[in-house]
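Biologist: I would like to learn how to read strands and sheets. Please walk me through a case.

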Amino acid sequence: MESLLVFWEESGILKYGAIALLVLLCIYMYLIIRRVIIVSRKDKPFGKPEGEGVSVIITAHNNAEALRKNLPSFLMQAYGKYEVIVVDECSEDDTQDVLAEIQKDYPELRCTRIFPDTKFRFTKKLAINIGVLAAKYDILLFSEIHCRPATMHWVETMQSYFDENTAVVVGYANYAPGEHNITTWRAFRFLRFLEMLVLVKNKKYIFGDGCNMAYRKSYYIKNRGFAKNSQSYLGYDNDMVNELSKFGTVRTIKCPDTYVIIDKSDKKGEVNEISYYYASKMRLTMTERLGIDKGMIVRLIFYTLSICLIFTGVYPVYLFAIMIIAFLTDFVLLNICAICLKQKKLFLTSFIISTVGFVYRWYWNGYSFFNKKKWS
C-alpha cells in the first residue's frame with residue numbers, strides 16, 4: 001500500500017497512463033470473456049414436428065466442374081420436403097449439359113437460366129431474384145456452388161431454427177482444414193463468424209454469409225428484394241440480413257449439422273472475400289465500423305500503451321507481467337472458441353491475426369482490391 005502511494009506521488013503524468021491501462025485491461029477482459037460465453041452457449045432449435053418446405057437456391061456462372069462435384073451433396077439431404085434451384089448466370093461452358101445430366105437422377109433439382117444475350121444488366125442479385133421468384137417454399141436456403149454441406153442434415157437443421165418470428169438464419173461456413181495454403185483464409189472466416197455472433201447478440205445486424213444463410217421469401221417480397229440497390233454486386237448477403245431484421249429475429253447458428261465446407265478456388269476472376277468484406281464495411285457508417293472493430297482497437301491501444309509505459313521504466317516487470325497475462329488469457333479463450341466451433345489448426349494463426357493487427361494488412365488489401373467498377 002505504501003509503495004502504491006509513493007508511485008502515485010512520484011509518477012506525475014504517468015499515473016494517468018496507468019489508470020488508462022487499467023481501464024483498457026478491464027474492457028479487454030470483458031470483451032474476450034463475453035465473446036467466449038456467446039460462442040459456448042448451445043443453439044436451441046425449435047424442432048417442430050412438421051417441418052416447413054425449403055427451397056435451396058444456388059447461382060452458377062461457368063462452374064460446370066464445381067456443379068458436377070458439389071451439387072449432389074445438396075441433392076442428397078435427409079429431408080423430405082425441399083427443392084434445389086440452380087440459376088445459371090449466363091454460363092458459356094458445359095453448365096447446361098451438367099445440369100441436364102444431374103437432373104436425370106435427382107427430380108428435386110430445378111434449373112433456370114439467364115441467357116448471355118439478355119437485355120438486363122447481369123448481376124448476382126438478378127440471378128438470386130430469379131431463383132427466389134421460382135421457389136415454391138417460403139424458407140429460402142442459400143449457398144454457393146464452390147461449397148458443400150458438411151452433413152446430410154444441413155437442410156433439416158437449418159429449417160429447424162425457424163419459427164413464425166424468425167426472419168434470417170445464418171450458419172457457419174469455412175474451408176476444410178486439410179487444404180494446402182488455406183490457413184489464413186480459414187482464420188479470417190473463423191474470426192468473422194465470431195464477430196457476427198457478437199454483433200447479433202448486440203442486436204446489430206450488419207453481416208450475412210452467402211455461403212450459408214436462409215431467410216423467408218414472404219419477407220423478401222415484402223421488402224421488394226434488392227430494389228434499393230439492384231445494380232451493385234455488394235450487399236447480396238449483408239443487405240438482406242440488415243433489411244429483413246425489421247421483420248423478425250436474426251439468428252446465427254453454431255450447430256455442426258449446419259456447417260458448410262468451402263472449396264478453395266483458383267479460378268481467375270473469383271471475388272476475393274477479404275476485399276469484399278472491407279468493401280462492404282466502407283458502406284457502413286463510422287459508428288458501425290467502430291462498433292465492429294472495437295475489440296481490435298482496444299487490443300492495439302492496450303498493448304501500445306503497455307509498451308510505452310514499460311519503456312518509461314515505471315514498474316516494467318509488473319507491466320510486462322500484465323501484458324503476458326492478458327495475452328495468454330486471450331489466447332486460451334480464443335482456443336476455447338475454436339474448440340466450440342470444432343475448428344482445428346487455427347489457434348495460433350487466429351490469435352496472431354486478431355491480436356497483433358494483421359487485420360490492418362487485410363484492411364489495406366481490401367482497399368487496394370476495391371474499385372467501383374469491380375463491385376458495381
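This is a predicted model: local features need pLDDT of at least 70, side-chain atom pairs count only at pLDDT 80 or more; totals for chains, interfaces and linings use all residues.

Biologist: What do strand and pair mean here?

Modeller: Helices (H or I, at least four residues) and strands (E, at least two) are DSSP runs, numbered from the N terminus. Two strands pair if DSSP finds at least two bridges between them.

Biologist: How many bridges join strand S1 to strand S4?

Modeller: Six, between S1 (residues 54-60) and S4 (residues 139-144), and the two run parallel.

Biologist: Which order do the seven strands of the open sheet take?

Modeller: The order is S3-S2-S1-S4-S8-S6-S9, with mixed pairing. Strands S3 (109-114) and S9 (249-252) are at the edges with a single partner strand each, so one side of each has no neighbour in the sheet.

Biologist: How do I read a helix against a sheet?

Modeller: Look for contact, meaning heavy atoms within 4.5 Å. Then take the angle: axes are lines fitted to C-alpha atoms, for helices over the stretch in contact, and angles run from 0 to 180 degrees between N-to-C directions. Helix H3 (residues 64-75) packs on this sheet and touches S1, S2 (82-89), S3 and S4. Its direction makes about 155 degrees with that of S2.

Biologist: What is the order of the open sheet of three strands?

Modeller: S5-S10-S7, again with mixed pairing. Its edge strands are S5 (147-149) and S7 (173-175).

Terms used
Residues are numbered from 1 along each chain as its sequence is written. Side-chain values use heavy atoms; hydrogens and water are left out.
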